[in-house]
Amino acid sequence: MKFLSTLAALALVTMEVSAHGYVPQIKIGNQYIAGWDITKDPYSNPRPSRVVRGTKLDSGFISDVTSKDITCSIGNSALPPAPITATVAAGQTVSMLWNTWPLGHYGPGDMNYMAKCQGSCSSFKGDSGSPWFKISQQAFSNGVWAADEVARNNFTSVVTIPKNIAPGEYLLRHEILALHSGSSLGGAQFYPVCVQLTVTGGGSLAPSGLSFPGTYKQNDPSILFNVYQGDAVNQKYAPPGGPVASGLQF
Ligand SMILES: [Cu+2]
């Protein structure tokens with residue numbers, strides 16, 4: 001009986017895990033770069049070095065905005081960063097290639113933040129101080145939530161790195177926020193993913209001011225939000241974390 005109930009519990013966990021996506025690959029220019037593959041990478045010994053920050057075992061959501069997992073993905077806070085980055089020119093795009101994404105996880109997407117790694121990204125967790133700034137966000141347009149847009153667009157989100165930020169090592173924090181259960185406190189589901197980048201070229205702009213954890217509050221009207229109130233309400237929706245940082249050029 002005990003064995004059977006363990007199997008049943010495992011099956012449930014597997015269902016929950018397979019429901020969401022993760023980012024096993026990114027693309028910069030014509031180059032595909034390995035991300036973090038939850039089906040292989042957590043089980044490899046030694047742990048592989050990836051430019052996408054690792055998670056423990058699953059692709060589940062974070063619901064506690066005060067958790068240190070809100071910085072870079074579920075389970076990531078317990079893992080040391082890898083000593084590598086992907087190189088991208090300021091003004092170039094980074095494509096986030098999710099393995100899958102479900103329709104109906106209504107909410108904003110393409111929420112992208114960056115933080116300059118103090119020194120090397122390999123020793124920078126990004127979970128203290130206020131190093132983050134927002135570079136882009138999408139909410140609801142043409143009747144479609146940005147999260148559903150990811151599902152429709154072959155599970156791909158394209159992030160443009162600002163032209164005029166200072167060169168150096170950065171974390172890119174890419175995020176989908178699912179609000180299908182967001183009308184109750186703690187019901188919002190956060191799916192952040194961090195990529196370690198070396199930005200070349202660029203200018204001298206050095207924005208900051210946001211914190212993960214810190215910036216998001218559980219009772220923020222962008223987080224405690226009922227997506228089933230109709231399109232008119234949805235079109236007034238603004239994603240959490242405030243506007244895109246001022247002065248960025250694309
Ligand atoms: Cu889900």
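**Note on the predicted model: cores, sheet, disulfides and copper site**

1. Of the 37 residues in the largest nonpolar core, those that touch the most other members are I26, V94, M96, W98, M114, L172 and L197. The model is a predicted one. At least two residues of this core come from each of β1, β3, β4, β6 (132-138), α3 (146-152), β10 (168-178) and β11. Strand β11 supplies the largest share, five residues. In soluble globular proteins, nonpolar side chains tend to be buried together.

2. Leaving aside residues up to four places away in sequence, M114 touches P131, W132, F133, I135, I161, P162, I165, Y170, L171, L172 and V199. A second core of 27 residues is separate, and it includes V65, C117, A139 and L210.

3. Strand β3 (residues 86-89) shows alternating side chains. β3 and β11 run parallel and are joined by four bridges. T87 has T198 in β11 as its bridge partner.

4. An open sheet of four strands is present, with antiparallel pairing in the order β2-β1-β4-β9. The edges are taken by β2 (31-34) and β9 (156-160); each has a single partner strand, so one side of each is left without a neighbour in the sheet. On average, and with direction ignored, neighbouring strands of this sheet are turned by 25° against each other. Between β1 and β2 the antiparallel pairing extends over four bridges, and I28 stands opposite Q31 in β2.

5. How many disulfides does the structure hold? There are two. With the bonded cysteines numbered in sequence order, the pairing is 1-4, 2-3. A disulfide is a covalent bond between the sulfur atoms of two cysteines.

6. The disulfide of C72 and C194 has its sulfur atoms 2.1 Å apart. This pair links distant parts of the chain, with C72 in helix α2 (residues 69-72) and C194 in strand β11 (residues 189-200), 122 residues apart. The torsion about the S-S bond of C72 and C194 is about -85°, so this disulfide is left-handed. C72 counts as buried at 1% relative accessibility, and C194 is buried with a relative accessible area of 0%.

7. In the disulfide of C117 and C121 the sulfur atoms lie 2.0 Å apart. The link of C117 and C121 is right-handed, with 85° about the S-S bond. C117 counts as buried at 5% relative accessibility, and C121 is buried at a relative accessible area of 0%. C117 is also included in the second core.

8. Which protein atoms are the donors of the copper ion? They are NE2 of H20 and NE2 of H105, lying 2.0 Å from the ion. The two histidines link distant parts of the chain, 85 residues apart: H20 is in the loop between α1 (2-18) and β1 (25-28), and H105 is in the loop between β4 (93-97) and β5 (109-116). H20 counts as buried because its relative accessibility is 4%, and H105 is buried with a relative accessible area of 12%.

9. The bond from N45 to P46 is cis, with omega near 0°, and P46 lies in the loop between β2 and α2. F212 and P213 are likewise joined by a cis peptide bond, with omega about 0°; P213 is in the loop between β11 and α4 (231-235). Most residues other than glycine have a negative phi, and most peptide bonds are trans.

10. For D110 the value is about 45°, and for N154 it is about 55°. D110 lies in strand β5, whereas N154 is in the loop between α3 and β9. Are these residues buried or exposed? D110 is buried, because its relative accessible area is 17%, and under 20% counts as buried. N154 is exposed, with a relative accessible area of 61%.

Note on methods
Residues are numbered from 1 along each chain as its sequence is written. This is a predicted model: local features need pLDDT of at least 70, side-chain atom pairs count only at pLDDT 80 or more; totals for chains, interfaces and linings use all residues. Side-chain values use heavy atoms; hydrogens and water are left out. Donors are N, O and S atoms within 2.8 Å of the metal (3.2 Å for Na, K and Ca); water is not among the atoms, so sites may look incomplete. Buried means under 20% relative accessible area, exposed over 50%, partly exposed in between (1.4 Å probe, protein chains only). Two strands pair if DSSP finds at least two bridges between them. Axes are lines fitted to C-alpha atoms, for helices over the stretch in contact, and angles run from 0 to 180 degrees between N-to-C directions. A disulfide is a pair of cysteine sulfur atoms within 2.5 Å. A nonpolar core is a set of buried Ala, Val, Leu, Ile, Met, Phe, Trp, Tyr and Cys residues joined through side-chain atoms within 4.5 Å. Contact means heavy atoms within 4.5 Å.
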